[in-house]
Amino acid sequence: MYELPLAIKIDNLTKTFNNQIVIDHLNLQIAKKEIVSLLGPNGAGKSTTIKILATLLKSDDGTAFINGYNIEKDYLEVRKIIGITPQELVLYEELTASENLIFFGMMHNHSRKWLKNEAKRILNLLGLANRNDKVKNFSGGMKRRLNLAISIIMDIEVLILDEPTAGLDPQSQNQVWDILKDLKTKGKTIILTTHDMHEAEVLSDRVFIMNNGKIIAKGTPRQLKEMYSNENILEVIFKKTNQLEDVMKTFQSLTFVKNVIKESNNKLRILFEGNMINLTKILNQQYFADLTEILEMNLRQTTLEDVFINLTGRELK
Amino acid sequence: MITIKPQLITAIAIKNLKIKLRSYQTYLYALGFPVLFTFIFYFVFKTIEVDFGYNVFDLAFSSVLIYTASFGTISAAVSLTSEKQLGTLMRLDTTPVGRARIFLGTLLSESIFLIIQLFIIVLLGYGLFQVQWLDNDLFLLFIGFIFVFLFGLSTLGIGIVISAYAKTADSATGLSMSYIMPVLFLSGILIPFESPIVYICPPFWANQIYQQVVILGDNLFLDGIRYNSINIFTAGYSIIPLWVGLLIIIGITCISLYIGIRLFQRKTLT
């Protein structure tokens, strides 16, 4: 047993599938009452990490501890304190929302009486209180909220959420965020994966960016953005597409330009260091001489998404 | 060693029963077909007299009961395959419930459902269609019911084996039917079939025991098997005593449940 106030401690975790390394000596520490986002492109190893933490998969090497319990040796204890909200909608469609909640709550040894009251409270909180019909009649968003509610009613210490708000409308997304923030104030530790950078920024105390089975960056959203704080981004949409390769080469030759990314056929994202003088140097290039050739231009500061793309690249995984 | 925790097993069983009873497929397979068979057998065989005041329907009704119990294979296969397919099994695996309780809960719900199913068919046959049996002795009927139920449990084991391989509930239904129907026909309980093949088909043993105990009042320990797929009254005794048949059913139940659970675990645990 660890005496540290850590909720999750991952030591050198390694997992391979068909001789391909999916998790590569992963090390991670998450404190109690922390909300942590795990970001990464598809195939980065996020879901595999989550499955190992949820005791669904065994690692090839290394280990992890949840609240001091070894996930392999003490898996029964681990299962008492974790709850997972999978990316897929894992619900009994022939049961009602309340029946789903009570059933999964009972699997965590809660009493039926307590669960009945708690189910009412949670369904009310998630705007599902007036639905007494089968889950199969629910909309996708309602099912997703119920999918999350199951983890909430389990009343466990560590919540593992795999893209909990994917496909939700903005209202429902905000509602879920409020619930997660509330759970944090109640002392729960939350680890979530998401592709929504704004969600990661709004919710997370810390963000871990994974790529090729490794953590390639970690810190608070602010710290990660500060890694690129000296950089600005100029997004330009050209009317014509034929000269784009030449434009890219020209900008890449400028010493203060860190990166030029082709967003689409006629859109470039230019990352450059520093100040207005450098911006003027860019705008002085011949391509900006005739402004009627520019459809749109936008100057902005680095976001978490830019950090993510800078670190993991643009190519599809 | 796990603690039993009856409240968890009961919760799983109740959940399974609710899902089953709210699905129209359940009524179609588990009740629709057996009821249809009962009606067909009644109208086809009721008027054909055999010995001692019995008619062919009285003798053939045990086949309907065995046929009904055979659907335990589909029921168990679909139940566990759906858990796999929906991901609920994976979600349950992250809770402290454990696979042993999931299996016990599933077996409990399937057993309760089997009893309800058989009870309805028994009421239909012995109540509505006035099927005759020896001296109208309810105790004999009860013993017969237990034997058919025991056979039903063996079909659950086969269902679990199928669920280990089936990817979807639909394929589980298809695979189950591919097992049930040939075995039922080869056992000679639905159509006359005089061949040693019947001895390797579990429904044959269940049907023989039921008929000999409920209709002839045979004692499990004294008498041999009286096999003749057309008329049990004109059949001669074989050297195999009836209790061997019972032992075969119990054996198949234990082996199929053991293999089914082992295979399911191997295929679904990583």
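The radius of gyration is taken here over C-alpha atoms, and the globule rule is 2.2 Å times the number of residues to the power 0.38. The structure is a predicted model. For the 270 residues of chain B, a compact globule would have a radius of gyration near 18 Å; the value for chain B is 19 Å, which agrees.

Along its principal axes, the C-alpha trace of chain B spans about 60 × 35 × 30 Å. Chain B contains 10 helices and 2 strands. Some overall values for chain B are given below.

| Property of chain B | Value |
|---|---|
| Buried residues | 45% of the 270 residues |
| Contacts between residues 24 or more positions apart | 72% of the contacts with a separation of 6 or more |

Chain B also touches chain A: 19 residues of chain B are in contact with 21 residues of chain A. On the chain B side, helix 1 (6-21) and helix 5 (88-93) are the elements that give two or more residues. The residues of this side comprise 8 nonpolar, 6 polar and 5 charged.

In chain A, 4 strands form an open antiparallel sheet in the order 12-13-11-14. Its edges are strand 12 (257-262) and strand 14 (294-301) of chain A, each of which pairs on one side only. Neighbouring strands in the sheet are turned by 15° against each other on average, direction ignored.

Strand 11 (residues 231-238) of chain A pairs with strand 14 of chain A over 7 bridges, in the antiparallel sense. Opposite Asn232(A) stands Gln301(A), in strand 14 of chain A. Helix 10 (residues 276-283) of chain A lies across strands 11, 13 (267-273) and 14 of chain A, and runs at about 145° to strand 13 of chain A.

Methods: Residues are numbered from 1 along each chain as its sequence is written. Chains are lettered from A and ligands numbered from 1 in the order in which they are written. This is a predicted model: local features need pLDDT of at least 70, side-chain atom pairs count only at pLDDT 80 or more; totals for chains, interfaces and linings use all residues. A residue is buried if 20 or more other C-beta atoms lie within 10 Å of its own, exposed if 12 or fewer, and partly exposed in between; C-beta atoms are placed from the backbone. Two residues are in contact if their C-beta atoms, placed from the backbone, lie within 7 Å. Ala, Val, Leu, Ile, Met, Phe, Trp, Tyr, Cys and Pro count as nonpolar, Asp, Glu, Lys and Arg as charged, and the others, Gly among them, as polar. Two strands pair if DSSP finds at least two bridges between them. Axes are lines fitted to C-alpha atoms, for helices over the stretch in contact, and angles run from 0 to 180 degrees between N-to-C directions.
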